[in-house]
Amino acid sequence: MSYSGDKTTVLTNDGAVNLQVSLPPMTDYAEYVASLEQKVNRTLGIEKFIVEQSELLTVLNGEPSRQLRRLVKIDARRASGAFFTDSQLRDRALEHIGRTIDARSIILDPACGAGDLLIAASNYLPVCNNNLADTLDLWGTVLNGYDIHPEFIRTTKARLVLAAVKRMKSSHYIVDSIDPRCLFSNIQVRDSLDGHSFHCKPTHIVVNPPYSSIDAAADCKWGGGKVSVAGVFLDVCLRSAKDDTVVCAILPDVLRSGSRYKKWREQVESSAKISAVDIVGQFDIWTDVDVFVLHLQVDSTNARGSRSAWGQPETKEDNCVDDLFEVCVGAVIPHRHAHTGPWRRYICARQLSGLTEYDTDTAKSRRFQGRVFRPPFVVVRRTTRPSDCARVFGTVITGEQPVAVENHLIVLSPKDGTHETCARLIDVVQNPKATTWLNQRIRCRHYTVLALRELPWCE
Ligand SMILES: C[S@@+](CC[C@H](N)C(=O)[O-])C[C@H]1O[C@@H](n2cnc3c(N)ncnc32)[C@H](O)[C@@H]1O
């Protein structure tokens, strides 16, 4: 998402809307939306065109997402954070709050995309006696949504009509007096981060916000520099919501487990109670981001929660890697550091692949004047995937000389300076319990020095 400061003016059925964001083009996708709307208009018109059940299912389960991938380049999708939730994940997320939804609810998705979360919410809404007109009227008061792309707002409305059609008991449903242009007037082109409050007072907020980064606002209390848009979105939702609002948010795992989002988590805890944290794993097969579903109830008087509320294992401080090792990141950034200073033995992630022990006395050397490490010590790669069999693969580094270490490696130096303690650490990290613990603690690709320090010492 680029907050360039240039305003974009978007024309909608209701007039012109000014957005603070610059929008990537969606011209080809707009053609798909027009074909969808044509179908809906024929369904609602006098000819009462019947959409086949199989076609309804296709449109309601994944077609907009497929078309988006086909018609819009990945850069443009990334720029808006446009990645639609698949039907399995949206149903899993909404199942948890389904019993709290009824005809009096006000449900808002402030980044609604093609409406998947609103469609999942509509499954819990009643239908009115096979009367499509009354059903759409009712759903129109309950369901609220915003998105910066007019094409997505139009897709959401069209799909919600089809979701209601699917719920009709027979094809003889009543469609009298429906004007398609007036349907779902609370689903609108809006920038949820423009600083204005929401136009409704939701009882429920359901959201899967963009996962890109933006510059933190000057008054942001929980982060500086580049921060996750998803974190900002949830912050805005919590500040705008009244007490007792139920919040269901699909978020990148870094917000749950990253040490740089500790203050963000504390801020969330101070304004809401955590009802559940559902650790999901990869968002979908095309999107390599691990996500979790956060269920909250807004409570401005809430005290701080605990780590375990975020689905993170509690650590026993007297029984973890930190007791026996100094843990830090290797100091050499190859493309940044000049080859100056004394000659040092040098190790990088690539040359250690698959090795459980490596003797640096035969390693290549480079000039380096930063921090070096005296063997024996253990190094592990900073990047893994949660699906890797063992999250941590360690190599014991031996040799006589101090060693310069690339910054893609984490260095664990034994406090007792022995090779034996290093070998014991290799056993600890290769124990399947370590993988299970780390997957719960941090599902991101880059695990942190802190997560490794807290790893329980299970031999
Ligand atoms: C990850 S997608 C999720 C869409 C939908 N909620 C779902 O779960 O499928 C995020 C959506 O947020 C929209 N978006 C990005 N920035 C926004 C903003 N400032 N205000 C409102 N919507 C925004 C994008 O266009 C995109 O459709």
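**K364 and its loop**

I started with K364, which I found in the loop between strand 14 (357-359) and strand 15 (365-367). The model I am reading is a predicted one, so I keep to what its computed coordinates say. Leaving aside residues up to four places away in sequence, I listed the neighbours that K364 touches, and they are R344, R345, Y346 and Q351. For R344 I also looked up the separation from K364, which is 20 residues in sequence and 8.5 Å in space, taken from C-alpha to C-alpha.

**N131**

Next I turned to N131, which lies in the loop between helix 6 (116-122) and helix 7 (132-142). Is N131 buried or exposed? Its relative accessible area is 14%, and since buried means under 20%, I noted N131 as buried. Again without residues up to four places away in sequence, N131 touches M168 and I174.

**The chain as a whole**

I then stepped back to the totals. I noted 15 helices and 19 strands for the secondary structure of the chain, and buried residues make up 51% of its 459 residues. The chain exposes about 21,200 Å², of which carbon and sulfur atoms supply 49%. Taking contacts between residues at least 6 apart in sequence, I found that 76% of them join residues at least 24 apart.

**Helix 1 against helix 8**

For the helix pairs I wrote down two quantities each time, because two packed helices are described by the angle between their axes and the distance between the axes. Helix 1 (residues 27-44) packs with helix 8 at an angle of about 35°, and their axes are 9 Å apart. The crossing, as helix 1 passes helix 8, is left-handed. On the helix 1 side the contact residues are Y29, A30, V33, A34, L36, E37, V40, T43 and L44, and these meet E151, F152, R154, T155, A158, R159, V161, L162 and V165 in helix 8. Sorted by class, this contact holds twelve nonpolar, two polar and four charged residues.

**Helix 2 against helix 8**

I followed helix 8 (residues 150-167) to helix 2 (residues 53-60), where the two axes come within 10 Å and cross at roughly 140°. Why do I call helix 2 and helix 8 oblique to each other? Roughly antiparallel would need an angle over 145 degrees, and the crossing is at roughly 140°, so helix 2 and helix 8 are oblique to each other. Helix 2 passes helix 8 in a crossing that I recorded as left-handed. The residues that meet are Q53, L56, L57, V59 and L60 from helix 2, with R159, L162, A163, V165 and K166 from helix 8. By class I have seven nonpolar, one polar and two charged residues in this contact.

**Helix 9 against helix 11**

The last pair I looked up was helix 9 (residues 229-240) with helix 11 (residues 262-271), which pack at an angle of about 20° with their axes 11 Å apart. Angles under 35 degrees count as roughly parallel, and helix 9 and helix 11 are therefore roughly parallel to each other. Helix 9 passes helix 11 in a left-handed crossing. From helix 9, G231, L234, D235 and L238 meet W264, Q267, V268 and S271 of helix 11. I divided the residues of this contact into four nonpolar, three polar and one charged.

Technical notes. Residues numbered from 1 in each chain as written. Predicted model: local features only at pLDDT ≥ 70, side-chain atom pairs only at ≥ 80, totals over all residues. Heavy atoms only, no water. Axes fitted to C-alpha atoms, helices over the stretch in contact; angles between N-to-C directions. Helix = DSSP H or I, 4+ residues; strand = E, 2+ residues; numbered from the N terminus. Parallel < 35°, antiparallel > 145°, perpendicular 65-115°, else oblique. Left-handed = near helix turned anticlockwise from the far one by under 90°. Contact = heavy atoms within 4.5 Å. Nonpolar A, V, L, I, M, F, W, Y, C, P; charged D, E, K, R; others polar. Buried < 20%, exposed > 50% of the residue type's maximum accessible area, 1.4 Å probe, protein only. Areas by Shrake-Rupley, 256 points an atom, 1.4 Å probe, with all protein chains shown as cover.
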